Amino acid sequence: MSLTSDAQLYEDEFKVERISDPKYDRVDRLYCTSVDGQTSMQLDVNKELFPVKVGEYLRIALATSLSLDGSKDDERGWRDAAKLGSVEQTLADSYEYVCHGKVYKFEDGKDGQSIKAYMSYGGLLMALDGPYKKLTPLRVDYIYLLASRNA
């Protein structure tokens with residue numbers, strides 16, 4: 001299921017190459033490479049909510065809205081809609097793990113052809129390093145991280 005507007009900023013499939021030694025009880029840092037080999041990702045995840053193993057493939061998406069039509073989320077937020085028993089489908093229904101956070105920093109790559117984007121989801125950090133062409137849609141803004149294991 002994908003968005004039909006520009007609310008979805010990025011989507012790719014990654015292979016988990018390694019997991020760092022845990023510094024915190026409930027957090028793993030994943031080191032991943034996209035299937036096409038162009039993008040690397042470091043991602044902190046709550047390992048109790050989303051346990052991941054080395055060698056697994058993850059589908060990752062970044063979006064500014066969870067609405068399937070791409071419209072801005074209302075002020076209630078997506079968690080409130082779920083509590084109220086909303087039957088409206090959202091992009092989150094297609095993923096196992098969803099976080100809300102902010103893109104807060106960019107760095108140019110050393111080769112002049114790549115960029116590194118940094119995101120924070122309540123202290124769980126993410127860094128994407130890849131070609132400008134793939135990461136150009138990202139901007140300093142609030143976003144949703146959506147992740148699922150690929151079968």
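Does Ile 19 count as buried, partly exposed or exposed, and what is its relative accessibility? Keep that in mind as we walk through this predicted model, where local features need pLDDT of at least 70, side-chain atom pairs count only at pLDDT 80 or more, and totals for chains, interfaces and linings use all residues. Residues are numbered from 1 along each chain as its sequence is written, and side-chain values use heavy atoms, with hydrogens and water left out.

**Stop 1: the whole chain.** Show the cartoon. You will find 2 helices and 8 strands, in the order β-β-β-β-α-β-β-β-α-β along the sequence. Helices (H or I, at least four residues) and strands (E, at least two) are DSSP runs, numbered from the N terminus. Of the 151 residues, 42% are buried.

**Stop 2: Ile 19.** Select Ile 19 in strand β1. Here is the reply to the opening question: Ile 19 counts as partly exposed because its relative accessibility is 25%. Buried means under 20% relative accessible area, exposed over 50%, and partly exposed in between (1.4 Å probe, protein chains only). Setting aside residues up to four places away in sequence, Ile 19 touches Asp 28, Arg 29, Leu 30, Val 52, Lys 53 and Val 54; contact means heavy atoms within 4.5 Å.

**Stop 3: the core.** Select Ile 60, Leu 62, Tyr 121, Met 126, Leu 128 and Leu 145, which touch the most other members of the 29-residue largest nonpolar core. Strands β1 (8–19), β2 (27–34), β3 (40–46), β4 (57–63), β5 (97–108), β6 (114–121), β7 (124–131) and β8 each give this core at least two residues. A separate second core has 9 residues, among them Ala 63, Leu 91, Tyr 95 and Tyr 144. A nonpolar core is a set of buried Ala, Val, Leu, Ile, Met, Phe, Trp, Tyr and Cys residues joined through side-chain atoms within 4.5 Å.

**Stop 4: Ser 148.** Finish in strand β8 (residues 142–149), where Ser 148 lies. Ser 148 counts as buried because its relative accessibility is 4%. Look for a polar atom of its side chain, 2.9 Å from the backbone nitrogen of Glu 96. Beyond neighbours within four places in sequence, Ser 148 has contacts including Phe 50, Tyr 57 and Tyr 95.

Methods:
Polar contact = N/O pair within 3.5 Å; in protein donor to acceptor, adjacent residues only side chain to side chain.
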